[in-house]
Amino acid sequence: MRKPFIAGNWKMHKTVVEAVDLAVALKAALADVSTMDLAVCPTATALEAVSHVLTNTNIGVGAQNMYWEDSGAFTGEISPLMVKELATYVILGHSERRQYFGETDATVNLKLKAAIRHGLTPIVCIGESLAQNEAGETVPFVGNQIRGAFAGISQQDAGKVVLAYEPIWAIGTGRTAMPADADRIIREAIRDVLRDLYGEATAQAIRVQYGGSVKPGNMADFIVMPEIDGALVGGASLKVEDFAGIVSNAAQALKA
Ligand code: PEP
């Protein structure tokens, strides 16, 4: 059984003071949750303060990105060693990083290997554009993203990865995928490819979140889908009542 996992991606929002306020409020609001893994991913500048607030709680902390080298002349980057001091998760290959910062399947693969090397739990984002979706190219495109991200990763290490299927056209737009469509794409483009690469047990063990305009009101529809193991939440992770509502609605739906 895959344990559900809901993570908040705070993107480039919240100063350190604001991030600490949100973390303090989430710590109180989510203290009773034990049936799911939870994490928040603040900006790099707020990682230390937020991880301090959330130490020894049920909410993990993740970075939103990192470089693949341990150290060196890479101005502006942060390394896995630096992330590891402050976080246990790291989001890799978010579509905004691919779109605005030139990330490719090849650089995501280097980052994924670096995360695994340093014992970080990666949350690797994949997903198609609207044009690809409308052209019926979603399954081969996402399947290729999976093959690219996992190139050279062993079966044992593959099992440590979390994936987030995030159709680009659903991110921050208020437009969500139909839960049944997301479920089918995860099965056909992600689990079938993982099975091909690593066999049935690993394909079934890897958790796949859905991401794209998840809100308290639609979380239940996604979490009940057999292939969907949680959510990566952007906008709605910035308000305590929204993120807590998403988590409690997911928990309710799974109990029912
Ligand atoms: C995201 O940033 O990964 C995301 C899914 O954003 P939103 O929930 O705002 O669509």
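Mentor: Residues are numbered from 1 along each chain as its sequence is written, and side-chain values use heavy atoms, leaving out hydrogens and water. Because the model is predicted, local features need pLDDT of at least 70 and side-chain atom pairs count only at pLDDT 80 or more, while totals for chains, interfaces and linings use all residues.

Trainee: How many salt bridges does a search of the whole structure find?

Mentor: A salt bridge here is a side-chain nitrogen of Lys or Arg within 4 Å of a carboxyl oxygen of Asp or Glu. Searching the whole structure on that basis gives 16.

Trainee: How many residues apart in sequence are the parts that Asp196 and Arg147 tie together?

Mentor: The closest N and O atoms of this salt bridge are 2.9 Å apart. Helices are DSSP runs of H or I with at least four residues, and strands are runs of E with at least two, numbered from the N terminus. Asp196 sits in helix H9 (residues 179–198) and Arg147 in helix H7 (residues 138–149), so the tied parts are separated in sequence by 49 residues.

Trainee: Are Arg191 and Asp229 buried or exposed?

Mentor: Their side chains meet in a salt bridge at 3.0 Å, N to O. Arg191 lies in helix H9 and Asp229 in the loop between helix H11 (216–223) and strand E8 (230–233). With a 1.4 Å probe and protein chains only, buried means under 20% relative accessible area, exposed over 50%, and partly exposed in between. By that scale, Arg191 and Asp229 are both buried.
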